[in-house]
Amino acid sequence: MSNPEHHPAGAAPTPLGGSEPALEMRGIVKRFGDYTALDRVDFELAQGEVHALLGENGAGKTTLMNVATGIIDADAGTIAVGGREARIRSPRDATRLGIGMVHQHFRLVRNFTVAENVHLGLGGVGRLVSRRELERRTAEWSERFGFDVDPSARVAELSVGQLQRVAIMRALVRGANILVLDEPTAVLTPQAASQLFSIIRGMVAEGRTVVFISHKLDEVIEIADRISVLRGGARIATLPKEECTTVSLARLMVGHEMKEVRPRPREHQGDPLLVAQGLRTGEADRRGALKDVDVAVLGGEILGVAGVSGNGQAELAQVLTGMLKPAAGTVRVGDRELGGAGARAFGKAGVGHVPEDLRIGLSLEQTIEMNAVMKVVEQPPVRRGPFLVRSAIRPYARELLERGGLAALEVTRRAGTLSGGQAQRLVIQRELRAGNRALVAVHPSRGLDVAATQAVHEALLDARSHGAGVLLVSEDLDELFELSDRIAVMYEGRIAATLERAAFDREQVGLLMGGGGR
Amino acid sequence: MNATEAALALAVLSAAPLLYAALGELLHEKLGMFNAGIEGVMLMGGVIGYMVAVDSANILLGFAVAAIAAAAFNLLVYAFPVLVMRSSQILVSFALWFIGAGLSAQLGLNYVSRPLPESIGNTSIPLLSRLPFLGNIFFRQPWPVYVAVALTLVVAFVLKRTSHGLSMRAIGEDPASAHASGIPVRAWQTFYTGIGGALMGIGGATLTLVVTGTWTSQITAGRGFVAFALVIFAGWRASGLIWGSFLFGLLLVLGPVGQAHGWSIPSSILGMAPYIFTVAVLTFRTWLELRRSGRTLAPAALGLVFVRGQR
Amino acid sequence: MTRRVSLRMHDPAATAPLWMRIVTIALGLAVSAIVVGLSSSSPGIYSSMWAATFGSSLGLTQVGQLATPLILAGLAVAIGRRVGLWNVGVDGQLLMGAWAATFVAFHAGGLPGPLLVVLMMFAGLLGGAVWALLPALTRAYLSVNEVITTLMLNFVAALWLSYWTTGPWAANGAQLGSLSTRQVPAGTYLHQFSVGSVTIGLGLVIAVVAVVVAAIALRWLRLGYYATLASGEEATARYAGVSQRGAQLWGFLVSGAIGGFAGVVVELDQVHRYSSALTSNTGYIGLIIAVLAATSLLGLVPVGVLMAVVVAAGNGLRIAGISSDLVLFVTGVLLLFAGAADVAARYRLRVGAPPGAAPVDAVEPPATASPVMEVPPS
């Protein structure tokens, strides 16, 4: 097999062998413990096509491609590249066979420069490199592929779109004929996504083959030549795009038809429960820092917050829950001023918080029951003077678990043993009880399967109908459109616009997320 | 050679064990591994080097066996539990230190009062050794001092100017990305634990065979931890280790020099200097870095264990 | 379909269960015993070890004496662990606590015994806390590695002792093999109980009481709950409204104070001087005591006694050509095994079921990722 150095990087690769499939995977099985991630999956990739892998979270799309690129080993199955049987045991093997992958989180070393990242793992031991030489070569490649990136920039300082281009360039430099893109549009605005699509078309025009992993129906139909649908670790179908509609794909993907977004009247028009004015955070030049944000969550409503990640949504949620002290501005809960107070004060005032990262919502060192009472240790019956009333803890925890449909759990187990879905349900139930006034939920259904997502949505609607004000931060527009009464779109630390439910419009929101519109 | 020159030359000599040990630690940390048990590996290298040198009357052989034994010791007691069994790196570090300290004390029990058959003389570097002042301090030293500096420069060069060095640094910064780039993470980590252990062992042997010429239990007296701090002090840059170790060497000889010159400050108080200085330097350095960039210069994945095959 | 055996992360915060700890200790001691056997050519070393521990009333008395500072040192380390820190500086805190107490004794020697004892104990707590102050502050505010700072201060404390015992407080007839001052007033000696022919010092009782008090406080006060919250991720602590910085600061100061207290107790109970004989790797052995006792504070007492037996057995072997530092080897081996046992407790061995058999809930990866980027191994 040829070394990537031997064929000049960037030159259009010659097709390997006429009508042979570029990549052929047969009977791939992958298990994690007793969970089967891939169940005898066959997958065939034709030369020069854009092939979409469609499926829900956990359907096995990424796992399948991780097998093809040697990130993980399959438990069974065979792989052929260009018609020849191949053993892919490591990413190095995959690179040698001309298979490159751009991961969802790009797998770039944050503290390295663009040039260093592009060269990482390229070339043999002991080869001398100087910073200037690396940057010169990177600049050359960057120009040849038409990517506009600064080779000397530190990766940690790049925008998401730039990161993606660096990752694609890295794969191309290694001579990738087959390029796997894992959820490439998940973090892009619709407008940036269309730029990506033209890059993909350019690569295909040069004779490369692209695998496009996604769970978004529209874009799959837009970009792909063929579409394979995975569900529950099995391949359900492979279809040319001409035979697909969003509805038929949705049915294949979910196993039943998706619910349409339905109009919904406002049930109560409550008082403002969580109100912030003039919020600013951190250094003003940072992208995610808040710049003069005013927001008011009313009782009995769900206020959705949309935006491409890193535009201030995380900061807003943190300020509204006492996790982050604003540099300027006020936060009121009901009629109490809480700006500058810690999370404990917000909790006492009745603000619940489902955090973005589940891990921070649970103390893994402690038992489930001790986690269940996290927000009520300062209140009777759990508190009596300086003491912890241990006999009051268990009944409280049991009741909470029952509400969350987790009654079967042993409360004395450590929280670290919970699965993602169980942990999510525990945190949400706890926060719903603690947050009788307001609930701030950040990506509450991320990574959950359909049933668990449904349960989360019902819990949020339940809080709303009990008169609490819910602030829902999500990157999933479908989720926001389904649940929200209003949607605030954030861009570069500001609220670009707030739309009423009657005015929800996908294109408009997309434009606002990208800094356009209005 | 006047008294000042002699004292400074002694400081350079005392710096050598620290430099070896810190270089060994740097190789661990650049690849994301946190080894606070340097002391134990130094002691093992020190005692084994001393035993072999005494029994064979061959100091070079002592160094060679010390290096091999220390590498094997570090691989068995550090690399295996950390890389294969995924034990806590801090816990394993303590174990490495204690096992090394206890075992070396036992092994060397009968060598405590046995002198070395020969001593390593100073090697003068042509021309440079004739420099006024500096020549006597830096260029009339035993060869292990020069080797320490040379190895450090080699490591600095490899890390900074070769594509292999790029891979090494990537492992410490982000092992998952490094793996995805086709770098065999675990293999290099194992390899450099061995090399790093050998360097720590040579550091210990330099201490017993060259600096003190004796063996006593726990002779390193915290030098392993000073070396650990030295890596932080040098900002994880190999070249920074050289002058950093000289600075610490200077403090190490304050006590003995003070005593020899009959200074009025008691030697036990002077002896505190390297330890207090280590704490001060560590604190100051961290404060400075946090103020400047909000983070330290440590490899980002230091102390995290990479397990292949995540989804 | 073949069934494959694989490991799965089950509980990232787990520590090994009791039976696993007992097996660990047994294995560690067995390995150590073999090394000891190989290291000594003298016959009958095992009977010497027996005689130095359970085999004689002198041996039993020694075990009790050795256990006193060890239990307190274990408690000091364990309190540090409760807020997520490693206090490797117990030896230094112990010496500084004893220094402060001795200072009081030498300057207020005329006071009645019991009052002086109380004053000395307070001085010891303060001395230890002061010695932990710098590592506590630098750790809490600058994230400076507390292992290095506390360890460096051990050497400083040892040199401080050497300065005082050879300088201002030099005794006329120095004791053999150790640096010591003259004795503190005899009125401060702690009562020694006789149980048959075995003598048990009041110091041991004090050590056990200290452990019990700490265990009750951490379990029944909200304090303990918040301390544990603060021991994990900083963000989790902030989420729960707990200042990790404050918890680390206070936890470490308390840990240091207990270290200092260990110094006073052993001085009042056994040594009666400010002396290098106050500690013989006590703080380091305290590490393994805390690790083996894991989350159970009450477990410190039996583990402390066990390590006292190990030390006493080692002391019985000095004439048989065994280094007194070999106890560090035993400590290291036990640490290694204990670490492995904790890891074992975190994983579950899974025999893979045939494809398609997994319940939907199992789709989700565990909620957690410890610092270890844990993932099912391939």
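1. In chain A, strand β7 (residues 178-182) and strand β8 (residues 209-214) run parallel and are joined by five bridges. Within this pairing, D182(A) stands opposite I213(A) of β8(A). Please keep in mind that the model is predicted.

2. Both strands belong to an open sheet of six strands in chain A, with the order β6-β7-β8-β3-β9-β10 and mixed pairing. Its edges are β6 (99-102) and β10 (234-240) of chain A, each of which pairs on one side only. From one strand to the next the twist averages 20 degrees.

3. Helix α5 (residues 160-173) of chain A lies across β6 and β7 of chain A. Relative to β6(A), helix α5 of chain A runs at about 170 degrees.

4. On the domain level, chain A is divided into domain 1 (20-98 + 177-254), domain 2 (108-176) and domain 3 (272-362 + 418-513). Between domain 1 and domain 3 of chain A, the C-alpha centres lie 34 Å apart.

5. Turning to the contact between chains C and B: 47 residues of chain C are in contact with 51 residues of chain B. On the side of chain C that touches chain B, α5 (113-142), α6 (146-166), α11 (282-293) and α13 (326-346) of chain C each supply at least two residues. The largest share, 13 residues, comes from α13(C).

6. What is the make-up by class of the side of chain C that touches chain B? It has 33 nonpolar, 12 polar and two charged residues.

Technical notes. Residues are numbered from 1 along each chain as its sequence is written. Chains are lettered from A and ligands numbered from 1 in the order in which they are written. This is a predicted model: local features need pLDDT of at least 70, side-chain atom pairs count only at pLDDT 80 or more; totals for chains, interfaces and linings use all residues. Domain bounds come from an automatic or database domain assignment. Two residues are in contact if their C-beta atoms, placed from the backbone, lie within 7 Å. Helices (H or I, at least four residues) and strands (E, at least two) are DSSP runs, numbered from the N terminus. Ala, Val, Leu, Ile, Met, Phe, Trp, Tyr, Cys and Pro count as nonpolar, Asp, Glu, Lys and Arg as charged, and the others, Gly among them, as polar. Two strands pair if DSSP finds at least two bridges between them. Axes are lines fitted to C-alpha atoms, for helices over the stretch in contact, and angles run from 0 to 180 degrees between N-to-C directions.
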